[in-house]
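Let's take a walk through this one together. Have a look at the model below, and then we'll go through a few spots.

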Amino acid sequence: MKASTSTTTSAPPTHSAFPPPSTASLARSSRIAPHSHIKALGLTPEGLATTDGAGFIGQNNAREACGVVVELVKSRKFSGRALLLVGAPGTGKTALALAISHELGAKVPFCPMVGSEVYSTEVKKTEVLAEAFRRAIGLRIKETKEVYEGEVTELTPSESENPLSGYGKTVSHVIVGLKTVKGTKQLRLDPTIYEAILKEKILVGDVIYIEANTGAVKRVGRSDAYASSYDLESETYVPLPKGDVHKRKELVQDVTLGDLDAANARPQGGQDIMSVMGSLVKSGRTEVTEKLRREVNKVVQSYVDQGVAEVVPGVVFIDEVHMLDIECFTYLNALLESPMAPTVILATNRGNTLVRGTTDIVAPHGIPTDLLDRCLIVKTDGYAREQVAKVVQLRANTEGLKLGRGVIDKLAAEGEKSSLRYAIQLLTPASILARLAGRDQIETEDIGEMNELFLDAKTSASLFNESGDYAP
């Protein structure tokens, strides 16, 4: 390796090698999703869409309309209604739904699904919808507990003779030393807590807290005193806790109603080997009864009345909603009227079409009119050539790709002729061709070769029709 490479740390890495760990890579996701560049709706404080804000290109009217919906949700005035996003494929419907969830906050549950998911062989269609709704309703539980918190300075198990047999030894207690900014404390704890420490894989230098009443042990992270430039990105470093080791601390735990349903629906069984084996061979999904959900709701409501918990309505996003049938739409009406219903966002790319499950009901977007009347409808527009070019450049920056002269114009032309998705999908394969050719940036000849290897939908259909090999 040349010594000069250490002086160009600001340049993007070549495709032939993995970049070294850096400060910039810490903030970057290890996997780049199709909508990693979407951060929010990109609106001004007055609710107007900026030109290219928060990763969004274009769709000004749709973004401003979604901004109004966000304000309605935050003020708890959107219950009983749904947002319907309509538009051609690849016009940003999923991106809008994701941006709405970002606007509501990182702690707000976001549950995406596709309409065809309801047709499962394991559970009923309505059960799939009910489960998605329950997973989109969060419960923020606040408790004030006595805890021992600090950085582990000592972890010494003490062994004694096993009273049940004359062979081997057993852990009688464990000595744990904890350090905070204010001082240190040495604890003598029960051996069951030592088992929890081993389960959490806690080592000297980790910051932990132990609940005084229950003995539950939680690893917060690694002390930042052990941080260095050579450590892996997966490690979480936290500062040394302040105050005394023994303190009263408010703990906040975020769960969803779906988590509570699943925990209560799962049969506990015994601890013998037959019970364990029986649980392994059972189906992966357990259908939750309506009676159990009502019992969970009663417990949740009692927590809310006591001020211990707070209900956080999230977002359910159902893409390709026209794939649902008349039974699912009827059940959706009932779910929307529930007092703890989340924000519901629907998306479709169909016009007037037959409602699934019927033979004679044709409705706009394949949705029955009684549910359609509950929806606020937002239309997404197609992208102009200049907007396609901006999106391509944004995706190239997100994926760390370098583009040569004329590549953006060529991809923008392809996106205008076929679709935006097709133009974006050419980026990564073209980067592979460039790397095989020994180049660190994509050139126009790479895009031309991609067009020879892969076809867009319109070209593919026309070629089949011309050859007569495909019956339309």
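**A strand, a helix pair and a serine**

Start at Thr343, which lies in strand S12 (residues 343-348); strands here are DSSP E runs of at least two residues and helices are H or I runs of at least four, both numbered from the N terminus. This is a predicted model, where local features need pLDDT of at least 70, side-chain atom pairs count only at pLDDT 80 or more, and totals for chains, interfaces and linings use all residues. Residues are numbered from 1 along each chain as its sequence is written, and side-chain values use heavy atoms, with hydrogens and water left out.

Thr343 has a relative accessibility of 5%, so it counts as buried (under 20% relative accessible area; exposed is over 50% and partly exposed in between, with a 1.4 Å probe and protein chains only). Leaving aside residues up to four places away in sequence, Thr343 touches Val73, Phe78, Gly314, Val315 and Val316, contact meaning heavy atoms within 4.5 Å.

Now for two helices. The axes of H4 (residues 125-135) and H9 (residues 326-336) come within 10 Å and cross at roughly 35 degrees; axes are lines fitted to C-alpha atoms, for helices over the stretch in contact, and angles run from 0 to 180 degrees between N-to-C directions. On the H4 side the contact involves Lys125, Thr126, Leu129, Ala130 and Phe133, and on the H9 side Glu327, Cys328, Tyr331, Leu332 and Leu335.

Finally, find Ser462 in helix H16 (residues 457-467). Ser462 is partly exposed, at 30% relative accessible area.
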